[in-house]
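Here is a quick tour for anyone meeting this protein for the first time. Have a look at the fold, then read on.

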Amino acid sequence: MPETEPNPNAALLRHGRRVQWAAGLCFALLLLMGVSGLASITLLHDDRLYTEQMQGIEGVTLRTVIALRGAIGLIHGWGGYLGIVLAGFAALEVFQFARLLRRADRADWRGTGRWLGPLGVLGGLVVATALLLLLATGVAANAYVRQVGSQNADELSGIDRSRAMGSPVEESKDFPKSEIAELHVKELNYLMAAGAIMLVLAASVTRRIELEAKKQA
């Protein structure tokens, strides 16, 4: 019987699958961290007198978040370190895949490989940088939250907590401001999202080429 010819794109397919796994795990973790961040803000309203009065979907949501406090703290506190590792892993896999593309027979694949590698590396660096800054500013943000909590019985005693589930402007205007906390909650998350979009785009292009390689085989 004639021997089956080896797939000339075997290495490309193998690295393509690794890119999908690496980018997928990184994006899933970033999504979990984003949800845990929103949940940690919700935990600011963990007041028995307040939560007992909450009814309907808002009350169920708030009590569920409170019950998951331990898991939320674990993801939000330690997810950043794992995220840095996964971002680096995803960037490395995209770079390796792009190197294979630059040596491919097809001219269009070689052209894609020239910009795909830098895109993946840049996306990984942006995500890792954003996570490092989020870890650093998270210390200040945590101190800010503790300060707000310690002052609750004094100058914050007049806060109308009935607005807690309202708009962000209405929700926060009675609280003291913190530029670092604002940076942690807003701008740095935008930076992380930009890096995540780059990695998702790299993974999408990788998937397209992987499907083309399967058809070609």
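## A first look around

Before anything else, this is a predicted model, where local features need pLDDT of at least 70, side-chain atom pairs count only at pLDDT 80 or more, and totals for chains, interfaces and linings use all residues. Residues are numbered from 1 along each chain as its sequence is written, and side-chain values use heavy atoms, with hydrogens and water left out.

Of the 217 residues in the protein, 35% are buried; buried means under 20% relative accessible area, exposed over 50%, and partly exposed in between, using a 1.4 Å probe and protein chains only. The accessible surface comes to about 13000 Å², and 64% of it belongs to carbon and sulfur atoms; those areas come from the Shrake-Rupley method with a 1.4 Å probe.

Contact means heavy atoms within 4.5 Å. Among contacts with a separation of 6 or more, 78% are between residues 24 or more positions apart.

How far can you trust the picture? The average pLDDT, the predictor's confidence in each residue from 0 to 100, is 76, and 63% of the residues score at least 70. Confidence is highest in H8, at a mean of 91, and lowest in helix H6 (residues 168-172), at 47. Over residues 153-176 the pLDDT is below 50, though this stretch still has 34 contacts in the model beyond near neighbours in sequence. Where pLDDT is low, the predicted coordinates should not be read in detail.

Now for H8 itself. This helix has 30 residues and reaches 44 Å from its first C-alpha to its last, close to the 44 Å expected at 1.5 Å a residue (the expected span is 1.5 Å times one less than the number of residues). Its buried residues include Leu199, Val205, Ile209 and Glu210. Glu210, at a relative accessible area of 3%, is in contact with Leu13, Gly16, Arg17 and Gln20, leaving aside neighbours within four places in sequence.

Over in helix H5 (residues 107-150) sits Thr112, which is buried at 10%. Leaving aside its neighbours within four places, Thr112 is in contact with Leu101, Val205, Arg208 and Ile209.

The structure holds five salt bridges, each a side-chain nitrogen of Lys or Arg within 4 Å of a carboxyl oxygen of Asp or Glu. Three of them are listed here.

| Salt bridge | N to O distance |
|---|---|
| Arg106 and Asp108 | 2.8 Å |
| Arg207 and Glu210 | 3.6 Å |
| Arg208 and Glu212 | 3.2 Å |

Arg207 and Glu210 are three residues apart in H8, about one helical turn. Arg208 and Glu212 are four residues apart in H8, again about one turn. An α-helix has 3.6 residues a turn, so residues three or four places apart point the same way. Arg106, Asp108, Arg208 and Glu212 are linked in a network of salt bridges.

Finally, the aromatics. Rings of Phe, Tyr and Trp (its six-membered ring) pair if their centres lie within 6.5 Å; planes under 30 degrees apart count as stacked, over 60 as edge-to-face and the rest as tilted. That rule gives one aromatic pair. The rings of Trp78 and Tyr81 have centres 5.6 Å apart and planes at 45 degrees, so the pair is tilted. Trp78 is exposed at 59%, while Tyr81 is partly exposed at 46%.

Terms used:
Helix = DSSP H or I, 4+ residues; strand = E, 2+ residues; numbered from the N terminus.
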